[in-house]
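Hi,

Here is the structure I promised to pass on. Have a look at it first, and my notes follow below.

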Amino acid sequence: MGIPADPFPLFQDFAHPEKFVSASWLSARLGVDGLRVVESDEDAFLYDIGHIPGAVRIDWHKDLNDEVVRDFIDGEAFAKLMDARGIGRDDTVVIYGDHNNWWAAYTAWVFELFGHPDVRILDGGRDAWMGEERDTSFAVPEYPSQNYPVVERTDKPWRTFVDEVRDRDEKSMLIDVRGPEFFSGSENELENDRLRASPVLRHGHIPGAVNHPWGDAVHPNGRVKDHASLATAYSEVPADAPVITYSGNGQSAAHTWFILRYALGLENVSLYDGSWYEWGNMVRMPIDRT
């Protein structure tokens, strides 16, 4: 780990405090050698209207997904992306974004699949930075290639596929992090254009799943709760059994994965990134609405 961890008191009770940074810590270190800041948003155009000075943009949809196969890019493409953004294998990478860091956490999770040694999340994301009226920039930085090595993606142990979800051990816990209206399947009754345009044909949840909305982990402003509050919110989640998170398209489940893995220290937690978009559209796949 190249750059010392943020000593912010909130993080010190976390299992892995080095995975979280505060806006004040990051502000004081902008421009430091070995630090790269990445913005990854649901709304990719937000970067264009102001971003953290020196931050580069990684579009989760366009940059991290294979154009042909419904999968993430391979090691060669990831190395090419890192070179284009001036990121070295030994760099400390701090990722932040909109929507309470959903897509930032998803991007950080992909970095984990490639084994990047030091990737962290800015607590509170883009809103935390903007809310504190910290400096922003419109300039798109250009950094020289750092000759990032080709490292093949390793999906295990952090990634779970649909067959593994269907055939999972009865001792494992499957966590649906969507809101209760999605878990129950009642969201299809809401008068909302976005929901009516949902790509999912059926509504409900995977049989056997429990509902722990991703928001259990954060305050209304999107900042992570303290360890005691997190431990209470996830008290029924086993520490010694497999835990799988899923959501609509995997983004909010990645946020919960990050919290369970690095704030609470679960060693056997993975993300079913196919999530409800896959399960809810598969032929003859069972669903539950109770």
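Before the helix packing, one term: an axis here is a line fitted to C-alpha atoms, for a helix over the stretch in contact, and angles run from 0 to 180 degrees between N-to-C directions. Please keep in mind that this is a predicted model.

With that in hand, the axes of helix 4 and helix 10 come within 7 Å and cross at roughly 65°. The crossing of helix 4 past helix 10 is left-handed. On the helix 4 side, the residues that meet helix 10 include Trp 102, Trp 103, Tyr 106 and Trp 109. Their partners in helix 10 include His 255, Trp 257, Phe 258 and Tyr 262.

Now for the core. The largest nonpolar core has 54 residues, and Phe 20, Ile 95, Trp 109 and Phe 111 have the most contacts inside it. Among the elements that give it two or more residues are helix 3 (75-84), strand 4 (92-96), helix 4 (102-113) and helix 10 (251-263). Helix 4 gives the most, with 10 residues. This core lies between domain 1 (9-132) and domain 2 (162-280), because both give residues to it.

Leaving aside neighbours within four places in sequence, Trp 109 is in contact with Phe 72, Trp 158, Arg 159, Trp 257, Leu 271 and Asp 273.

Lastly, the annotation: an unreviewed UniProt entry lists "domain: Rhodanese" for residues 31-138 and 168-288. In the model, residues 31-138 are 31% helix and 15% strand, and the end C-alpha atoms of that span lie 16 Å apart.

Best wishes

Technical notes
Residues numbered from 1 in each chain as written. Predicted model: local features only at pLDDT ≥ 70, side-chain atom pairs only at ≥ 80, totals over all residues. Heavy atoms only, no water. Core = buried A, V, L, I, M, F, W, Y, C linked by side-chain atoms within 4.5 Å. Buried < 20%, exposed > 50% of the residue type's maximum accessible area, 1.4 Å probe, protein only. Helix = DSSP H or I, 4+ residues; strand = E, 2+ residues; numbered from the N terminus. Domains from an automatic or database assignment. Contact = heavy atoms within 4.5 Å. UniProt positions renumbered as here; feature names shortened; annotations may be inferred. Left-handed = near helix turned anticlockwise from the far one by under 90°.
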